[in-house]
Amino acid sequence: MMEWTDRHCRFFHRLLTRRARLYTEMITAGAVLHGDRARLLTIDPAEHPVALQLGGCNPQQLAQCAAIAADFGYDEINLNVGCPSDRVQQGRFGACLMREPRLVGDCVAAMRAKVKVPVTVKCRIGIDDQDPEEALETFACAVERAGVCTLIVHARKAWLAGLSPRANRDVPPLDYDRVYRLKAAHPRLAIVLNGGIADLNEAATHLDRVDGVMMGRAAYQEPWRLLDVDRVLFAQCAPFASPAAAAQALIPYIERELARGTRLNAITRHVLGLFRGVPGARVFRRHLATEAVNPGAGIATFRAALAIVAQRDTRLVHTAAA
Ligand SMILES: Cc1cc2nc3c(=O)[nH]c(=O)nc-3n(C[C@H](O)[C@H](O)[C@H](O)COP(=O)(O)O)c2cc1C
């Protein structure tokens with residue numbers, strides 16, 4: 001998610017779940033080819049499994065980007081066919097590619113020819129006046145023919161004229177049944193459902209009908225939910241017994257990054273929702289939001305914020321998650 005799932009966020013989320021697959025922000029093919037590649041693409045070994053999401057529509061360029069990304073160690077290359085922003089539309093990529101399934105197939109085939117890791121696509125159920133029944137079926141057939149093994153479907157249309165990207169994440173209605181029908185019609189294509197999944201119980205319910213779920217805002221805004229992913233969805237132990245223990249484990253990473261010149265807030269902004277629902281959470285959040293932005297703010301600021309919630313009973317978080 002743009003501006004959200006940067007490398008600091010992903011490192012933090014990986015402390016909370018060993019098993020969930022993490023996705024980068026969308027990075028355009030132009031940025032990969034002409035930008036500061038090391039800054040854009042470097043991943044920490046701890047992040048795996050991690051997927052790079054690319055934006056673009058030129059098969060040769062995307063193929064080159066996929067090869068570069070594979071060299072950086074990504075476990076999956078994902079093509080964005082869901083972003084509705086004007087800038088992206090002007091570049092003829094993102095959600096508007098729902099109208100060009102053959103081109104998307106060409107992009108995917110070119111990328112697949114260059115890398116061994118899976119190439120996947122994230123799309124909508126349709127755009128504008130498209131009939132989702134027909135549009136999604138045509139699109140899925142095209143990408144499946146091109147060798148895509150996994151299709152992530154944001155279960156609502158994108159309305160490209162007149163709705164902001166933000167509104168396009170809430171206003172067009174969700175249609176989970178359309179995604180379930182897609183799965184039934186494509187038993188060999190792994191279908192991952194995205195959109196409006198609020199908690200792990202909902203996620204588990206969808207998993208009866210599709211192969212995977214992708215959580216966006218709920219995972220980012222309330223990262224404590226991720227601490228239950230391994231137990232609830234993978235029948236494995238949680239990496240830490242509590243959000244507070246996970247936060248403590250982030251300290252060496254923060255210290256390392258501060259020593260490299262990273263500002264405290266660049267990391268701690270992703271942690272603000274970790275204690276949501278626990279007494280003291282609001283003070284924790286406010287303390288970090290106001291103090292961590294100060295130039296020169298150091299690890300003591302983070303420790304002080306943790307001390308605010310450490311006095312409380314963070315087991316409440318697990319009660320809320322259950
Ligand atoms: C701040 C923000 C940035 C996003 N950036 C991307 C992006 O770069 N690529 C993408 O495929 N989706 C992006 N999305 C959309 C989410 O991945 C997801 O499809 C959408 O929020 C619906 O899922 P949710 O209800 O679980 O959040 C973004 C969403 C938000 C809130």
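Reader: Which residues of α6 and α7 meet in this model?

Author: The model is predicted, so local features need pLDDT of at least 70 and side-chain atom pairs count only at pLDDT 80 or more, although totals for chains, interfaces and linings use all residues. Residues are numbered from 1 along each chain as its sequence is written, and side-chain values use heavy atoms, with hydrogens and water left out. Taking contact to mean heavy atoms within 4.5 Å, and helices to be DSSP runs (H or I, at least four residues) numbered from the N terminus, α7 contributes T138, F139, A142 and V143, and their partners in α6 are P101, V104 and G105.

Reader: How do the residues of the contact of α6 with α7 divide by class?

Author: Ala, Val, Leu, Ile, Met, Phe, Trp, Tyr, Cys and Pro count as nonpolar, Asp, Glu, Lys and Arg as charged, and the others, Gly among them, as polar. On that scheme, the contact of α6 with α7 has no charged residues, two polar and five nonpolar.

Reader: How is α6 oriented relative to α7?

Author: Axes are lines fitted to C-alpha atoms over the stretch in contact, and angles run from 0 to 180 degrees between N-to-C directions. Helix α6 (residues 101-112) packs against helix α7 (residues 132-145) at an angle of about 25°, their axes being 8 Å apart. Because angles under 35 degrees count as roughly parallel, over 145 as roughly antiparallel, 65 to 115 as roughly perpendicular and the rest as oblique, α6 is to α7 roughly parallel.

Reader: And how is α1 oriented relative to α12?

Author: The axes of α1 and helix α12 (residues 243-259) cross at roughly 150° and come within 9 Å of each other. That angle therefore makes the arrangement of α1 and α12 roughly antiparallel.

Reader: Which residues make that contact, and how many of them are charged?

Author: From α1 come R7, H8, F11, F12, L15 and L16, while α12 supplies A246, A249, L250, Y253, R256 and E257. By class, eight residues in the contact of α1 with α12 are nonpolar and one is polar, and the number that are charged is three.

Reader: How does α7 lie relative to α8?

Author: The axes of α7 and helix α8 (residues 176-185) come within 11 Å and cross at roughly 40°. The relation of α7 to α8 is therefore oblique.

Reader: Which residues of α7 and α8 meet, and how many in the contact are charged?

Author: On the α7 side are P132, E133, L136, E137 and A140, which meet R178, R181, L182 and A185 in α8. The contact of α7 with α8 contains five nonpolar residues and no polar ones, and its charged residues number four.

Methods: Helices (H or I, at least four residues) and strands (E, at least two) are DSSP runs, numbered from the N terminus.
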